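I opened the notebook to record what I looked up. The entries follow in the order I made them.

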Amino acid sequence: MLLRFGVVPMAVFSSKEAAKEVLKTHDLETCTRPKLVANGLFSRNFKDIGFTQYGEDWREMKKLVGLELFSPKKHKSFRSIREDEGDLLVKKISKSAQTQTLIDLRKSFFSFTAGTIFRIAFGQNFREYSFIDMEKLEELVLEAETNVCILALTDFLPTGFGWLVDRISGCSFGRSERGNSHDDMRITEEDLQKVEYLNLVIKETFILHPSSPLLLPRETMSGIEIQGYHIPKNTHIKINTYTIGRDPKVWTNPDEFYPERFSNSSISYKGQHYEFLPFGAGRRSCPGMNLGITILELGLLNVLYFFDWSLPNGN
Ligand code: HEM
């Protein structure tokens, strides 16, 4: 579909075949980001890796984060931070559980994900600094994400978490084998290997509720052909993963929440299956994928394992 935003042409691709042509065949010609005003404000004039244009600066940043933050070795070395933050999440929720009071899960999850990412990225725990106002920080992140019109990083985790907890409360994730108390035990990342169904549930959630339904915007650096259509230079490109995730040509009963569709399936997060692109694909795909998945699994397992959930007033 071709749209015109004023003088700016925007091509939206909504099939897995077209997504493959853009993200694989023409990855190099489409891997820059358009210079949008909101993105410039959010990223201090396009200095952020996610919004900067393709070129030497982006390549250097990508190399740096690949080595210092997201390499398998670094990922392993940050494990204790993620597990500590998981414990803290459980402790905070326990207080409400003991008094049977309502809890705003979004805030608990925000603190968990932001706490983890902050400690990994800056080596500091922001809770130790009284000048950091948690409420304001959360507001700021939400405002930035709203203005930029894409959702990722800390955003999926709180909203996706809440939705998932609601959907799969009551499922047992090994609790019977391990007892109920959390005074003397903790969830570790080894436990994540034992909960295959949780992994299927997360994949299914990504299809129905992708955190970036149009991925991040790309822009053509030269004219290309997609599905027989000519797409000129400087066209904005959107990959509509929301529609691809509900395409009946690709998925059986696409609107049904059916995690089992992924059992015995080779479809992975890695951007090689163009019907399933929660982290994008190609050069501009998400470098934080492993971290994001681990935080998501760890947080979910903690809250589902230790607590029984219900909506307020049985709604
Ligand atoms: C479940 C959690 C997450 C999801 C679903 C997610 C999803 C995405 C998506 C869809 C993109 C755009 C890909 C494209 O346009 O092809 C992206 C880009 C990006 N993500 Fe994530 N992400 C998550 C977690 C994270 C985390 C934890 C970090 C870092 C701490 C991170 C860092 C980035 C960066 C830096 C980019 C821009 C890459 C570039 O433009 O070169 N993400 N993410």
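Predicted model: local features only at pLDDT ≥ 70, side-chain atom pairs only at ≥ 80, totals over all residues.

Entry one: α6 and α12. The cut-off for roughly antiparallel is over 145 degrees. I noted the hand of the crossing as right-handed.

Next I listed the residues that touch. α6 brings Phe109, Phe112, Thr113, Thr116, Ile117 and Ile120. α12 answers with Leu291, Ile295, Gly299 and Val303. By class I get seven nonpolar residues, three polar ones and no charged ones.

Entry two: α5 and α6. I then turned to the pair made by α5 (residues 79-99) and α6 (residues 105-122). Their axes are 9 Å apart, and the packing angle is about 155°. Are they oblique or roughly antiparallel? Angles over 145 degrees count as roughly antiparallel, so that is the word for α5 and α6. I wrote down a right-handed crossing for this pair.

The contact list took me some time. On the α5 side I found Ile81, Arg82, Asp84, Glu85, Gly86, Leu89, Lys92 and Ile93. On the α6 side are Leu105, Ser108, Phe109, Ser111, Phe112, Gly115, Thr116, Arg119 and Ile120. Sorted by class, the contact of α5 with α6 holds seven nonpolar, five polar and five charged residues.

I went back over the α6 lists. Phe109, Phe112, Thr116 and Ile120 of α6 meet α5, and these four residues meet α12 as well.

I looked up another partner of α12. Helix α10 spans residues 196-208, and α12 spans residues 289-306. They pack at about 120°, with 11 Å between their axes. α10 and α12 are therefore oblique to each other. α10 passes α12 in a right-handed crossing.

Which residues of α10 meet α12? I found Leu198, Asn199, Ile202 and Phe206.

Which residue is the protein donor of the iron atom of the ligand? Cys286 is the only one, through SG, at 2.3 Å. I then checked where Cys286 sits. It is in the loop between α11 (241-245) and α12.

I left the helices for the strands. Four of them form an open sheet, ordered β1-β2-β6-β3, with mixed pairing. β1 and β3 (218-219) are the edge strands, each pairing on one side only.

I took the β1 end of the sheet. β1 (residues 2-5) and β2 (residues 8-13) run antiparallel and are joined by four bridges. Arg4 has Pro9 in β2 as its bridge partner. The hairpin of β1 and β2 has two residues between the strands, and Gly6 there takes a positive phi near 65°.

Then I took the β3 end. Two bridges join β3 to β6 (residues 236-239), and these strands run antiparallel. The bridge partner of Arg218 is Ile237 in β6.

Last, I asked which strands helix α1 lies across. α1 (residues 16-25) lies across β2, β3 and β6. Its direction makes an angle of about 130° with β6.

Terms used. Residues numbered from 1 in each chain as written. Heavy atoms only, no water. Pairing = 2+ DSSP bridges. Axes fitted to C-alpha atoms, helices over the stretch in contact; angles between N-to-C directions. Parallel < 35°, antiparallel > 145°, perpendicular 65-115°, else oblique. Left-handed = near helix turned anticlockwise from the far one by under 90°. Contact = heavy atoms within 4.5 Å. Donors = N, O, S within 2.8 Å, 3.2 Å for Na, K, Ca; no water. Nonpolar A, V, L, I, M, F, W, Y, C, P; charged D, E, K, R; others polar.
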